[in-house]
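Me: I've got a structure here and want to know what the labels on it rest on. Can we go through them one at a time?

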Amino acid sequence: CESNVIVLRSYKEEAKKRSVEDFVGYFRKRFETISNILRTRQELKEVISLSRLSGRKNNDKICIIGMVNEKRITKNDNILVKIEDFTGNTIIVISKRKTELFNNARDLCDDEIIGVVGVKHDSLIYVEDLIFPEVPISQGLKKCDDEVYCVFISDMHVGNKEFLNKEFGNFLKWINGEDGDDEQLAVCEKIKYLFIGGDLVDGVGIYPGQENDLELKDIYKQYDHFTEFIKKIPKSVKVIMCPGNHDALRLTEPQPVIGKEYCVELLKMENVYMVSNPALV
């Protein structure tokens, strides 16, 4: 099977000074996009804006979408979450008695956008279900004629003292067909794509005291070392990689492609594709 990679969308924009309006626009667009994903869910077909909650009666079933503004644990060990949309805000309550729901709510982060199904009681919404913005498969699975495999890895953090050098060496032996049992080697022969999802290197100055955790304190040497690993990937395998928060660029998404000054040798490799975070391939 011939391995082909088509980059449909990769973020490109010239560097410029950012204003408050840029950040506001970003969060508004993000909210609108994720809201549209959530609205495709059957559970949220009757979603209303938060400003319309005042017109609903106690014990009415409510479907809303909002961004997490604040989260706290009450003295009764329930979770209270303040959410907001473009029209207002409200408080939702997740009972500790609903174990699975409670555990999901414990992992909620500020600025996360969620769908809520619940029951109104005075100014509060008692949650019956939380809906997360998984992207639905609307047209079924797309298949190709041949059986091929994609490998997904991430967070290599090359340059950190804790980098799993031996384990990654074992991975390279396997993907080159030099190690593994019969079943693993049979899979290896059909690998056509390797996706590396960010944090290729550990970076420099990412957090206070990071220099104490680094084996390589030079960002260029980190990328050089990373490149030497990638050169050992079979040329028949297409390598698609995007940046993460430890890589040498801005933290905020969308993150552009890693600068060519760090990856000169990588960019010369015909089987390597550098894309932004996020990207569509």
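Me: Which residues on the other side of H2 are exposed?
Reply: Thr 99, Glu 100 and Arg 106. Exposed means over 50% relative accessible area, buried under 20%, and partly exposed in between (1.4 Å probe, protein chains only). Bear in mind that this is a predicted model, where local features need pLDDT of at least 70, side-chain atom pairs count only at pLDDT 80 or more, and totals for chains, interfaces and linings use all residues. Numbering starts from 1 along each chain as its sequence is written, and side-chain values use heavy atoms, with hydrogens and water left out.

Me: And which residues of H2 are buried?
Reply: In this helix, residues 99-106, they are Leu 101, Phe 102 and Ala 105. Helices are DSSP runs (H or I, at least four residues), strands too (E, at least two), and both are numbered from the N terminus.

Me: Why say that the buried residues line one face of the helix?
Reply: Look down the axis of H2: the buried residues fall within an arc of 100°, so they line one face. The arc is taken from the directions from the helix axis to the C-beta atoms.

Me: What covers the buried residues of H2?
Reply: The cover includes strands S2 (61-73), S3 (79-85), S4 (88-94) and S6 (124-131). Contact here means heavy atoms within 4.5 Å.

Me: Why is the pair Glu 43 and Arg 41 called a salt bridge?
Reply: The term asks for a side-chain nitrogen of Lys or Arg within 4 Å of a carboxyl oxygen of Asp or Glu. The closest N and O atoms of Glu 43 and Arg 41 are 3.3 Å apart, so the pair qualifies. The structure holds 4 salt bridges.

Me: What does the pair Lys 190 and Glu 147 tie together?
Reply: These side chains meet in a salt bridge at 3.1 Å, N to O. Lys 190 lies in the loop between H4 (182-188) and S8 (191-197), and Glu 147 in the loop between S6 and S7 (149-153), so the pair ties together parts that are 43 residues apart in sequence.

Me: How far apart in helix H6 are Lys 268 and Glu 265?
Reply: They are 3 residues apart, about one helical turn. Their side chains meet in a salt bridge at 3.6 Å, N to O.

Me: Why is Lys 268 called exposed?
Reply: Its relative accessible area is 59%, so it passes the exposed cut-off. Glu 265, at 37%, is partly exposed.
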